[in-house]
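Hi there,

Here is the structure I promised to pass on.

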Amino acid sequence: MLISLWIKAFFVLQGVSLLILASSFGAEPMRLTLEHALQIALERNLELKAKSEELGIAEGRVIKSDIFLQNNPELEADMANKRLKKPEEGFNKNLFQPGVSLSQEFEIGGQPGYRREAAQRNHKKVTFEVSDFSRTLRFRITELFLKLLNGKAKITQAEQIVNLKNRLYEASKGRLAAGDIPAVQLAIAEFELNRAKSELISLQREYEELLSRLRTDIVLEEENVEPVGDLTRAPLAASLDQLLKSALEKRPDLAALDQEKKVTEAEELLTRAERIPNIKFGMFYEKDDKDNIVGGRVSIPLPFFDRKQGELREALSRKRIANLNYIQRRQALEKEVRAAFTRFKLAERDVSYYPEGAMKRFDESLELYQRAYQERAVDLADAILFQNQVIEARLKFIDTLTVYNLSLAELKFQAGIE
């Protein structure tokens, strides 16, 4: 009795497991457009979140620079013991003398203004850096998505090829049975079918690898995802001069380096101002026996030895480095835009060789040759040769269209066009 109950429980658990697996495999895939993928990436990507936290550090520097006085007032208290050699009658030999003083240091060289300028420029620089990271992330997602659309189109094509090769194989079996072809041609048709199936598996494996990278970049928990969209021929009418102007005006990485120049300029002025010694004003109170003593004091450090020589040398070097980095980035930016424009024009010319509706014409040609073989108008070698030529042309067209879209995305990225 107990054994039978265990057996029943086992089969019930197996049935539940099968239901769960069936529901997971049969679940409708999440249809993901490029715009949706970009939106998810900007909301969830951990690298972008970590980069954005640098704004908090920059904001902290701004808050500190806005403090009215950088140095807190100092409160000092002391207690002295005055020992009297000849105390008066009724007084102790030891006379305690308390004292208290309050002092405040003031900057007189214009340091607060330079410090605020450096902090605010640094905040703008970090803002541009975060914007540039977001721009780079969007381009990376766009590249992956376009490659996924390429893979998806090739898989669809490969499935059609398998179906086509299978029909050719079935037709070969019919012609062999009719004594129209030798057995070796059936073996060739079967080999072509198996090769097409193998190529389909390779394409599916590459597609899954790209899909895994996309899910990682956009932090997507859903396993069943289907990128949707088409590889189009969207034109770009802008000239090279317009694209160069756009890059110089809109690229956040160049703007960040420009702000870095201004940060180092303000820091140099701040260092020079810090060579002027701060003045410390204070007041004190002391009690001496029966007398109350109130007074004030002023202290100024004398810069005989340390005159900020090392700090000034560092500030000047940072300023020169920032200027060189800006010049280098600007020169590299122009080269990047020119190279991307050249690649786009080549891709544009390449895709122009394929007229609209090229895929439909490829399919019609394949269908005609398939029918011709079934009707014994052509032999197997001619059918396979024609199929392979058309398949190669179709794959070339898909790759050409993908390269065009990737080149267009890269050109917009280099030109700073959203």
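Please keep in mind that this is a predicted model. I'll start with the surface: Leu75, Val100, Leu102, Met283, Tyr285 and Val294 make a nonpolar patch of about 580 Å². Strands β3 and β5 (279-288) are the elements that give two or more residues to this patch. Leu75 sits in strand β2 and is exposed, with a relative accessible area of 65%.

Now to the sheet behind those names. Four strands form an open sheet in the order β2-β3-β5-β6, with antiparallel pairing. Because β2 (74-83) and β6 (291-299) are at the edges with a single partner strand each, one side of each has no neighbour in the sheet. From one strand to the next, the twist averages 15 degrees. Strand β2 is joined to β3 (residues 94-106) by ten bridges, and Lys82 has Leu95 in β3 as its bridge partner.

The salt bridges are worth a look too; the count is 29. Glu267 and Arg61 meet at 2.8 Å, N to O, linking helix α8 (residues 252-274) to helix α4 (residues 54-65) across 206 residues. Glu267 is buried, with a relative accessible area of 18%, whereas Arg61 is partly exposed at 31%. Glu267 also forms a salt bridge with Arg318 (3.9 Å, N to O). Arg318 lies in helix α9 (residues 309-352), so this pair ties together parts 51 residues apart in sequence. Arg61, Glu267, Glu314 and Arg318 are linked in a network of salt bridges.

Technical notes:
Residues are numbered from 1 along each chain as its sequence is written. This is a predicted model: local features need pLDDT of at least 70, side-chain atom pairs count only at pLDDT 80 or more; totals for chains, interfaces and linings use all residues. Side-chain values use heavy atoms; hydrogens and water are left out. Two strands pair if DSSP finds at least two bridges between them. Axes are lines fitted to C-alpha atoms, for helices over the stretch in contact, and angles run from 0 to 180 degrees between N-to-C directions. Patches are made of residues with over 30% relative accessible area and no salt bridge: like charges are joined within 9 Å, nonpolar side chains (Val, Leu, Ile, Met, Phe, Trp, Tyr) within 5 Å. Accessible areas come from the Shrake-Rupley method with a 1.4 Å probe; for residues, only the protein chains shown count as cover. A salt bridge is a side-chain nitrogen of Lys or Arg within 4 Å of a carboxyl oxygen of Asp or Glu. Buried means under 20% relative accessible area, exposed over 50%, partly exposed in between (1.4 Å probe, protein chains only).
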